[in-house]
Amino acid sequence: MANSADNTAIVPDGILYLGAVGAAAPTSSAFTPSTGWTELGYYSEDGYSLTPNTPSETDLKGHNGDIVQTTSEDNGSWGLQFGPIETKKQIVEAYFDATVDLATASVEVTKASVETYRSIIAIALPKDGRRIVKHFPKVRVSDRDGLTFNRNTLILYGMTFKTYLDATTGYQFKVFDPLYLNS
């Protein structure tokens with residue numbers, strides 16, 4: 001079997017959309033987000049990363065300390081991390097888990113925790129003209145980068161969304177037109 005350049009791809013551009021849990025899900029790579037989805041904007045030149053988080057396990061120990069059984073508490077999750085290059089209402093609201101008041105151009109932050117679940121669509125645009133659509137039906141911000149304020153640094157609201165198994169769709173994420181898996 002020969003190597004083929006057709007089985008590789010560079011994804012220079014992409015865009016993310018944020019919606020409520022239950023917003024209309026894609027059914028193909030031709031999906032265009034409409035009502036219920038808000039454009040988060042293009043991500044930084046570093047793109048975004050999708051990282052597996054292994055399931056949490058509990059060791060059950062006997063009276064002498066020996067591990068007698070290890071149980072897995074869940075199926076693990078995925079971390080979707082990105083640094084948006086635009087400062088938009090939806091980005092700030094997701095980052096702080098607070099509502100932006102456009103009339104006063106303010107956000108009032110009352111806690112550091114994030115409790116709101118959302119949904120994300122990531123559309124990757126490889127150089128070959130294809131569209132790769134990933135749907136994350138239930139996510140929540142699990143980690144945030146610190147904000148840097150100085151004259152040389154672009155303010156990036158970098159954050160990581162943790163995926164959850166969605167009861168309605170039955171998946172943590174689904175990919176339409178995955179890179180060259182159909183060849």
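Leaving aside neighbours within four places in sequence, which residues is T160 in contact with? They are G79, L80, Q81, R140, V141, S142 and D143, where contact means heavy atoms within 4.5 Å. T160 itself sits in strand β10 (strands are DSSP E runs of at least two residues and helices H or I runs of at least four, numbered from the N terminus). At 16% relative accessibility it counts as buried (buried is under 20% relative accessible area, exposed over 50%, partly exposed in between, with a 1.4 Å probe and protein chains only).

This is a predicted model, so local features need pLDDT of at least 70 and side-chain atom pairs pLDDT 80 or more, while totals for chains, interfaces and linings use all residues. Residues are numbered from 1 along each chain as its sequence is written, and side-chain values use heavy atoms, leaving out hydrogens and water.

**Salt bridges**
- There are four salt bridges (a Lys or Arg side-chain nitrogen within 4 Å of an Asp or Glu carboxyl oxygen).
- K88 pairs with E39 at 3.9 Å, N to O, linking parts of the chain 49 residues apart.
- Within helix α1, K89 and E93 lie four residues apart and bridge at 2.9 Å; E93 is buried, K89 partly exposed.
- D97, K111 and R118 form a salt-bridge network.
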